[in-house]
Amino acid sequence: VQLVESGGGVVQAGGSQRLSCAASGMILSVFTSSDKAWYAQAPGKQRELVAQISTDGVIHYAESVKGRFDISKDNTRRRLYLQMNSLKPKGTAVYYCIFASRSYGTSYWGQGTQVAVSS
């Protein structure tokens with residue numbers, strides 16, 4: 001199983017970016033039983049939770065991104081998304097996706113995708 005993030009790049013402050021996390025080699029039951037989340041690690045800082053979506057669709061956002069970011073998933077395509085709007089320079093970070101299934105006892109991290117927000 002591999003989680004592969006994409007969609008990172010350089011964006012101007014105020015702009016938008018959509019990240020995608022594709023679960024390669026993951027059976028559907030593991031995908032649907034997994035809580036999913038996006039984390040961000042800014043330079044010199046710890047990895048922090050940005051947004052998460054539980055198996056029953058409950059969504060939680062970090063206070064700093066509420067109203068600007070939107071997390072969603074596509075079971076058919078086995079993908080997780082993060083729509084980021086009104087980006088700020090402090091949003092510059094490597095963004096990681098994680099899928100964790102308590103039912104199967106599995107936890108997978110992606111390799112990260114870099115987002116740089118220029119002022």
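These notes go through the predicted model point by point.

1. **Basis.** The model is predicted: local features need pLDDT of at least 70, side-chain atom pairs count only at pLDDT 80 or more, and totals for chains, interfaces and linings use all residues. Residues are numbered from 1 along each chain as its sequence is written, and side-chain values use heavy atoms, with hydrogens and water left out.

2. **Open sheet.** Four strands make an open sheet in the order β1-β3-β8-β7, with antiparallel pairing. Strands are DSSP runs of E with at least two residues; helices are runs of H or I with at least four; both are numbered from the N terminus. Two strands pair if DSSP finds at least two bridges between them. β1 (2-6) and β7 are the edge strands, each with a single partner, so one side of each has no neighbour in the sheet. On average, neighbouring strands of this sheet are turned by 15° against each other, direction ignored. Axes here are lines fitted to C-alpha atoms, for helices over the stretch in contact; angles run from 0 to 180 degrees between N-to-C directions.

3. **β1 against β3.** These two strands run antiparallel and are joined by 5 bridges.

4. **Nonpolar core.** The largest nonpolar core holds 29 residues. Such a core is a set of buried Ala, Val, Leu, Ile, Met, Phe, Trp, Tyr and Cys residues joined through side-chain atoms within 4.5 Å. Buried means under 20% relative accessible area, exposed over 50%, and partly exposed in between, with a 1.4 Å probe and protein chains only. W38, V50, L82 and Y95 have the most contacts inside the core. Two or more residues each come from β3 (17-24), α1 (28-32), β4, β5 (48-53), β7 (69-74), β8 (79-84), β9 and β11 (113-118). β9 gives the most, with 4 residues. In soluble globular proteins, nonpolar side chains tend to be buried together.

5. **Y95.** Contact means heavy atoms within 4.5 Å. Residues up to four places away in sequence are not counted; beyond them, Y95 touches E5, L19, W38, Y39, A40, V50, L82, M84, G112, T113 and V115. W38, V50 and L82 are listed with Y95 as having the most contacts inside the core.

6. **Aromatic pairs.** The whole structure gives 3 aromatic pairs. Rings of Phe, Tyr and Trp (its six-membered ring) pair if their centres lie within 6.5 Å; planes under 30 degrees apart count as stacked, over 60 as edge-to-face, and the rest as tilted. F31 and F99 form an edge-to-face pair, 5.4 Å centre to centre with 80° between the planes. F31 sits in helix α1 and F99 in strand β9, 68 residues apart, so the pair links distant parts of the chain. Both residues, F31 and F99, are buried. A cluster is also present: Y39, Y96 and W109 form one aromatic group.

7. **V30 in helix α1.** V30 is found in helix α1. Its relative accessibility is 9%, so V30 counts as buried. Leaving aside neighbours within four places in sequence, V30 is in contact with S101, Y104 and T106. The C-alpha atoms of V30 and Y104 are 6.9 Å apart, although 74 residues separate them along the chain.

8. **Loop between β9 and β10.** S103 is found in this loop. S103 is exposed, at 62% relative accessible area.

9. **Salt bridges.** A search of the whole structure finds 2. The criterion is a side-chain nitrogen of Lys or Arg within 4 Å of a carboxyl oxygen of Asp or Glu. R102 and D35 meet at 2.9 Å, N to O. This pair links distant parts of the chain, 67 residues apart: R102 is in the loop between β9 (93-101) and β10 (106-109), D35 in strand β4 (residues 34-41). R102 is exposed at 74%, whereas D35 is partly exposed at 22%. K66 and E63 form the other bridge, at 2.7 Å, N to O. K66 is partly exposed at 44%, and E63 is exposed at 62%.

10. **Loop between β7 and β8.** T76 lies in this loop. At 71% relative accessibility, T76 is exposed. The C-alpha atoms of T76 and L28 are separated by 8.1 Å, and the two residues are 48 apart along the chain.
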